[in-house]
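Me: I'm new to reading protein structures. Could you walk me through a single part of this one, slowly and in plain words?

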Amino acid sequence: MPEVKGIKLVLEDGTIFEGKSFGYNKSVAGEVVFNTAMAGYPESLTDPSYQGQILVATYPLIGNYGVPVNDTDEYGIPLFYESDQIHISGLIISDYSFEYSHWNARTSLSDWLIENKVPGIFGIDTRALTKLLREKGSMLGKILVDDEDIATYDPNHENLVAQVSIKERKVFGNGKHKVVLVDTGAKNNILRCLLKKDTTVVQVPWDYDFTQEDYDGIMLSNGPGNPQMCSQTVKHIQKAIEIGKPIFGICLGNQLLGIASGGSTYKLKYGHRAHNHPVIKVGTNSCYISSQNHGYALDNNSLTDDWEPFFVNLNDGSNEGIRHKSKPFFSTQFHPEASSGPTDTEFLFDDFIQLIEESKKISNT
Ligand SMILES: NC(=O)CC[C@H](N)C(=O)O
C-alpha cells in the first residue's frame, strides 16, 4: 500500500485531529460515535448496526489480541464475528498495539482493516475527542488522507437496513419452536442464542412479509440507522401484533415494535455504546449491566395505553425496553445476546421460549 503523508479526522464543527494510519489509506465520511468498551473490537467492527459510522474506541490500547480465525459452527455461522464483513466506515484509536497475541488470532487488526479497505487512525487524543462528542453530541466527520477532501455523508438519511439485511430467506436448525428472525442487520449472536434453545430459525429480509410464515414466535433484530426508515418492517410488525404470537425485539427491534404500536423515537445526544450500562427492570429492584450500541431511543412518554416500559436506563432514564400489558410481546433496547459484553440478560431468551411454549399450549386447547 502506498505511504501517506498524513491522515486526519475532521469533524463537522471544524475540529481537526491528526494521527497516523494503521488501516487502509482511503478517505471516508460518516457519523462519528464513541464506544467505551474495554474489549470486543472484532465483534463491534462486524456489528451491522455500525454501518455508516466512524467508530472511536475510548479504551486506550487497541489491537493487542489481533483478530480471530474465521471458523464456523455446525450451522455455518462464524464463531467469533457478528457478520461476514466489517461494517464501520473507519476506526479511531489512541494507541495501536503493533504486537498481538491470542490463542485464536489469525492476523493483526491493521492487516484486517487493510484487507477490508477500512481506514484506521492511531495517535489520536481520544479523551479530548470523546469529551467533545459528549458536549456537542455525535457529529458527522471525515477521515481524510493527505490533502484530499470529500463530501460530508449523513448515514441517518439513508435506508441502511436495506444495505445490511440478507437478500434471501434462510433456514437454520431443526428444533421444535419455529422462530422467524426479521433481519434488519442481525448480529450472529442472536442466531446462536436462539439455536441453543431447540428452535428452527427462519431468517428473513427486512421487507419480507413474515406473517405469511407458519411461525411460533418473532424475533426482531438490531440494525443500523434511523428507525423511522423502516416503515415496511413496521407494517409487517403491526400485522404480527394482530396475529398475537410471541414477539421479542432487540435494539432496533425495540424501536420498531414501539413505532408499530404507536410510539415515537428521538435521537440521543451521543448514544449508548458500551458494555456497562445499568438498566432497571421496571417494577423491581433488579439492576442489570448491559451491552449497548444505539443512537436513538423510544420515548417512554409516547407509549400507547396497552404498553409499558420494561427496562429503563439508570444513567439517563431513557427507555431500555417495552412490554405489552397482556400479550406476549416484549423488547429491549440493550443487547441480551451481548457479544461482546456481559451476558447477564441472556435469560430473556428463556423468557421468550417460555412465552412460545405457553402460547402453543393455549392454541392447542
Ligand atoms: N444496535 C441497534 O440495533 C441500533 C438501533 C438504531 N440504529 C440506533 O442507533 O438507535
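Reply: Happy to! Three strands, in the order E18-E17-E20, make up an open sheet with antiparallel pairing. Its edge strands are E18 and E20 (311-313), and each of these pairs on one side only. From one strand to the next, the twist averages 40°. Keep in mind that this is a predicted model.

Let's start with the pairing of E17 and E20. Strand E17 (residues 265-281) is joined to E20 by three bridges, and the two run antiparallel. To find this pairing for yourself, look for valine 279, whose bridge partner in E20 is asparagine 313.

E18 (residues 287-298) gives the most to the shell around the ligand, contributing four residues. Among the residues around the ligand are Asn293, His294, Gly295 and Tyr296. Others in that shell include Ser49, Asn222, Gly223, Cys251 and Leu252. Sorted by class, the shell has five nonpolar and seven polar residues, but no charged ones.

As you trace the strands on screen, one general idea is handy: in a regular strand, side chains alternate between the two faces of the sheet.

Between them the chain passes through helix H5 (residues 188-195), in a right-handed β-α-β crossover.

Note on methods: Residues numbered from 1 in each chain as written. Predicted model: local features only at pLDDT ≥ 70, side-chain atom pairs only at ≥ 80, totals over all residues. Near = placed C-beta within 6 Å. Nonpolar A, V, L, I, M, F, W, Y, C, P; charged D, E, K, R; others polar. Right-handed = clockwise from strand over helix to strand, strands pointing away. Pairing = 2+ DSSP bridges. Axes fitted to C-alpha atoms, helices over the stretch in contact; angles between N-to-C directions.
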